[in-house]
Amino acid sequence: VVVAIGTSYAICRALRLPRRLSVLVACGNSICGNSAIATVAPVIGATSSEIASSIAFTAVLGVIVVLTLPLLVPVLRLSLSQYGVLAGLTVYAVPQVLAATLPIGALSNQIGTIVKLVRVLMLGPVVFGLSLVAARLPPAGAASGERGTKYKAGLREFVPWFIAGFLIVAVARSTGLIPDVAVKPVATVAGILTTISMAALGLGVDVRVVAQAGLRVTIAVTLSLGGLTIISLS
């Protein structure tokens with residue numbers, strides 16, 4: 001996550017994107033897409049236009065990654081565990097990790113999910129670090145007249161609620177609190193909820209928004225995703 005954020009930020013700055021926009025793109029690319037952008041934005045005082053520009057691509061590129069990443073398995077001769085790690089480090093959203101790994105195998109799915117959730121958990125340290133350096137960034141909307149809103153990050157930003165839920169259920173299953181007889185019906189419900197969450201991601205995709213974000217942002221996000229894939233594969 002640290003290497004990916006640094007690489008993505010460097011790419012954005014090389015393309016002369018504003019610092020706050022560069023931070024949003026780097027965090028969204030390196031941690032968990034829109035969720036990271038939405039969490040980081042108020043911490044650094046980002047403007048609405050910066051948020052819209054950085055969010056525009058994550059949903060579209062997320063779908064592309066889900067569809068193309070499995071093609072690397074036969075090309076690179078990846079094992080189930082290797083592909084699980086790659087998907088967990090590369091794909092933006094947790095449901096998208098499920099969609100990218102389930103067709104490959106159960107082991108890839110389990111490893112990918114755990115790697116992805118640990119990656120999401122890195123949002124806490126990143127938000128904390130950004131809250132310390134946010135004051136050094138230039139005033140939000142200095143060029144456009146927009147005003148950003150800054151606030152102090154709370155516990156909810158450091159520990160996302162679904163991470164806590166994952167840990168609770170994992171402990172309950174591992175200690176026998178959830179009996180074997182209940183696993184199948186619960187898994188069925190989980191499948192239904194996953195389908196709903198994937199549909200929700202689809203409802204958030206508007207390709208028309210991409211055209212409004214600008215060429216430099218398009219190039220920066222695309223190159224950042226390519227850099228993330230190379231780092232994860234390595």
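This is a predicted model: local features need pLDDT of at least 70, side-chain atom pairs count only at pLDDT 80 or more; totals for chains, interfaces and linings use all residues.
View 1. The exposed surface comes to about 12,400 Å². Carbon and sulfur atoms supply 71% of that area.

View 2. The protein has 14 helices and zero strands. From the N terminus on, the elements run α-α-α-α-α-α-α-α-α-α-α-α-α-α. Contacts between residues at least 6 apart in sequence are considered here: 75% of them join residues at least 24 apart.

**View 3. The largest nonpolar core.** This core has 25 residues. Leu69, Tyr83 and Val91 have the most contacts inside it. At least two core residues come from each of α1 (2–14), α2 (19–32), α4 (48–68), α6 (80–90), α7 (94–101) and α14 (215–233). Another core, of 19 residues, lies apart from the largest one. Its members include Ile44, Leu123, Val126 and Leu130.

**View 4. Surroundings of Val91.** Residues up to four places away in sequence are not counted in this view. Val91 touches Val65, Val66 and Leu69, among others. Its partners also include Gln96, Val97 and Ala100. Lys116 and Arg119 touch Val91 as well.

**View 5. Helix α6 and its cover.** The buried residues of α6 are Tyr83, Gly84, Leu86, Ala87, Gly88 and Thr90. Tyr83 is also one of the residues with the most contacts inside the largest nonpolar core. Elements covering the buried residues of α6 include α4, α5 (72–76) and α7. Also among them are α8 (106–121) and α14.

Methods
Residues are numbered from 1 along each chain as its sequence is written. Side-chain values use heavy atoms; hydrogens and water are left out. A nonpolar core is a set of buried Ala, Val, Leu, Ile, Met, Phe, Trp, Tyr and Cys residues joined through side-chain atoms within 4.5 Å. Buried means under 20% relative accessible area, exposed over 50%, partly exposed in between (1.4 Å probe, protein chains only). Helices (H or I, at least four residues) and strands (E, at least two) are DSSP runs, numbered from the N terminus. Contact means heavy atoms within 4.5 Å. Accessible areas come from the Shrake-Rupley method with a 1.4 Å probe; for residues, only the protein chains shown count as cover.
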